[in-house]
Amino acid sequence: MPEFDDVPVRLAIFISGRGSNMKTLVEACLAGDIPARPILILSNKYSAEGLEWATENGLPIAAIDHRAYDGDREAFEKDVQETLEMHDVEFIALAGFMRVLTPWFTEKWEGRMVNIHPSLLPKYPGLHTHKRAIEAGDKEAGCSVHWVTEGVDEGAVIDRETVPIKEGDTPESLAERVLEREHILYPRALNKAIEDFLDREEG
Ligand code: GRF
């Protein structure tokens, strides 16, 4: 485990793939920019690239394959919840986690779970955000960090970053530029969210 200052919030980061946002968050915690300690990187895919980086960097990981649950989302989430309890997790950052969570889980973590979404919410919740923004003729795209509630990508927005859509942009070229902004946005927004959580805890 990397050395973290004695900070209060025990953070789990959920991923499904590459994990570039997760890496940015871990680095921001290490740099002391977020009053949290990443104590668990959890994935619903054993093959998630980000798990390798986490392991190489001494972070505890858990992989729980949702396919083993035959579509029973709550059964999957119960095992996730058990793992979180084992690690005394207090706050969750979803970072490219590609599973829709049921109300059973979102209610448990309301006010203690945030997500990054690659659009200027409330525009374009769900998938294929960049394609939809280009096809709509939008001049701007971007990314948002929001509190996670029952409705997919519907919780209150904490912060956003905007990116201009250029002539000739493809979903891929736009995704690349938005991702650069995600890496700036997420540490800033997670810091805000955790400060808010701590204020509520103390209040
Ligand atoms: C990001 O664009 C995120 O907004 C979206 O999925 C992508 C994950 O990228 N939900 P990474 O795994 O953080 O590199």
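Which side chain meets Lys-192 in a salt bridge? Hi everyone, let's find out together. A quick word on the ground rules: this is a predicted model, where local features need pLDDT of at least 70, side-chain atom pairs count only at pLDDT 80 or more, and totals for chains, interfaces and linings use all residues. Residues are numbered from 1 along each chain as its sequence is written, and side-chain values use heavy atoms, with hydrogens and water left out.

The partner is Asp-159, with 3.4 Å from N to O. By salt bridge I mean a side-chain nitrogen of Lys or Arg within 4 Å of a carboxyl oxygen of Asp or Glu. This pair links distant parts of the chain, 33 residues apart: Lys-192 lies in helix H6 and Asp-159 in strand S7. Helices (H or I, at least four residues) and strands (E, at least two) are DSSP runs, numbered from the N terminus.

Asp-159 also forms a salt bridge with Arg-188, at 2.9 Å from N to O. Here, too, distant parts of the chain are linked, since strand S7 covers residues 157–164 and helix H6 covers residues 171–202.

How accessible are these residues? Asp-159 is buried, at 14% relative accessible area, while Arg-188 is partly exposed at 34% and Lys-192 is partly exposed at 42%. Buried means under 20% relative accessible area, exposed over 50%, and partly exposed in between (1.4 Å probe, protein chains only).

Next, Arg-177 and Asp-169 form a salt bridge, with their closest N and O atoms 2.8 Å apart, and both residues are buried. Shared partners also join Asp-159, Glu-161, Arg-181, Arg-188 and Lys-192 into one network of salt bridges. Altogether, the count is ten salt bridges.
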